[in-house]
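Here is a short briefing on salt bridges. Look at the charged side chains as you read.

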Amino acid sequence: MRIIRAKDYEDMSKKAAEIIASVVTLKPDCILGLATGSSPIGLYKNLIEKCKNGELDFSQVKTANLDEYVGLGPDDDQSYRYFMNNNLFNHININIENTNVPNGLEKDADKEVARYEKLVQDLGEMDLQLLGLGLDGHIGFNEPAPVFPKVTQCVELDPSTIEANKRFFASADDVPRTAYTMGIGTIMRAKKVLLIVNGKAKAEILAKVINGPVDPMVPASILQFHNDVTVVADEEALSAL
């Protein structure tokens with residue numbers, strides 16, 4: 001793992017955006033795996049600025065997002081499709097048809113996970129997969145479990161994840177209990193992984209991810225086995241190392 005220390009959230013966002021920008025610049029038709037949540041918002045703002053300044057061209061880029069809540073459609077302001085459109089896609093020159101997010105309105109879980117896994121495989125290897133880190137060590141919505149899930153799946157969200165995400169909803173009762181997510185094996189097929197982490201609350205789990213044993217109860221620890229991982233984290237997140 002390559003670890004890049006950032007001063008704070010803004011510095012982390014800028015440094016991470018530079019890494020993604022370099023991938024897009026070197027390979028204009030690259031495939032990007034993208035993430036949602038509070039961590040990448042600043043990064044996406046940096047990419048938008050670069051695009052508007054003429055520094056980046058997303059016209060040939062294809063994307064696939066990690067996950068989506070089951071039961072939420074693209075017009076729901078808490079859905080991850082809405083998040084991506086609002087925080088990135090609507091502000092850059094990407095072809096929206098080249099952007100992919102699991103279909104949260106598909107009630108047949110087996111059908112949707114099979115469809116999305118095939119879609120990701122047909123796209124080819126991700127040139128870069130962006131990840132955030134959950135308080136319980138999850139990446140995507142791959143929660144702590146006895147084994148590492150290999151492919152796209154429908155998961156029951158851990159209570160700690162529901163608690164962490166309730167700030168985006170009116171109450172914890174409104175947070176969906178299930179989600180579609182790329183599996184660990186799907187994520188690990190990416191050529192390059194970029195993990196962004198910020199805040200004191202993530203310090204302990206990040207230390208386990210980097211220095212602890214590889215354990216499916218700490219899902220992100222599997223990244224120790226990937227041959228090209230860059231961690232961009234602020235000083236608070238790195239404070240337990």
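Lys111 is exposed, at 52% relative accessible area. Its salt-bridge partner is Glu106. This is a predicted model. A search of the whole structure finds 12 salt bridges.

**A buried and an exposed partner**
- In the bridge between Glu106 and Lys111, the closest N and O atoms are 4.0 Å apart.
- Glu106 has a relative accessible area of 18%. Glu106 counts as buried because the cut-off is under 20%.

**A link between distant parts of the chain**
- Asp127 pairs with Lys191, and their closest N and O atoms lie 3.2 Å apart.
- This pair links distant parts of the chain, 64 residues apart.
- Asp127 sits in the loop between helix H4 (109-123) and strand S6 (128-131).
- Lys191 sits in the loop between helix H6 (184-188) and strand S9 (193-197).
- Asp127 is buried, with a relative accessible area of 9%.
- Lys191 is partly exposed, at 38%.

**A bridge within one helix**
- Which residue forms a salt bridge with Lys208? The partner is Glu204, with the closest N and O atoms 3.9 Å apart.
- Both residues belong to helix H7 (residues 203-211). They are four residues apart, so about one helical turn separates them.
- Lys208 is partly exposed, with a relative accessible area of 41%.
- Glu204 is exposed, at 55%.

Technical notes
Residues numbered from 1 in each chain as written. Predicted model: local features only at pLDDT ≥ 70, side-chain atom pairs only at ≥ 80, totals over all residues. Heavy atoms only, no water. Salt bridge = Lys/Arg side-chain N within 4 Å of Asp/Glu carboxyl O. Buried < 20%, exposed > 50% of the residue type's maximum accessible area, 1.4 Å probe, protein only. Helix = DSSP H or I, 4+ residues; strand = E, 2+ residues; numbered from the N terminus.
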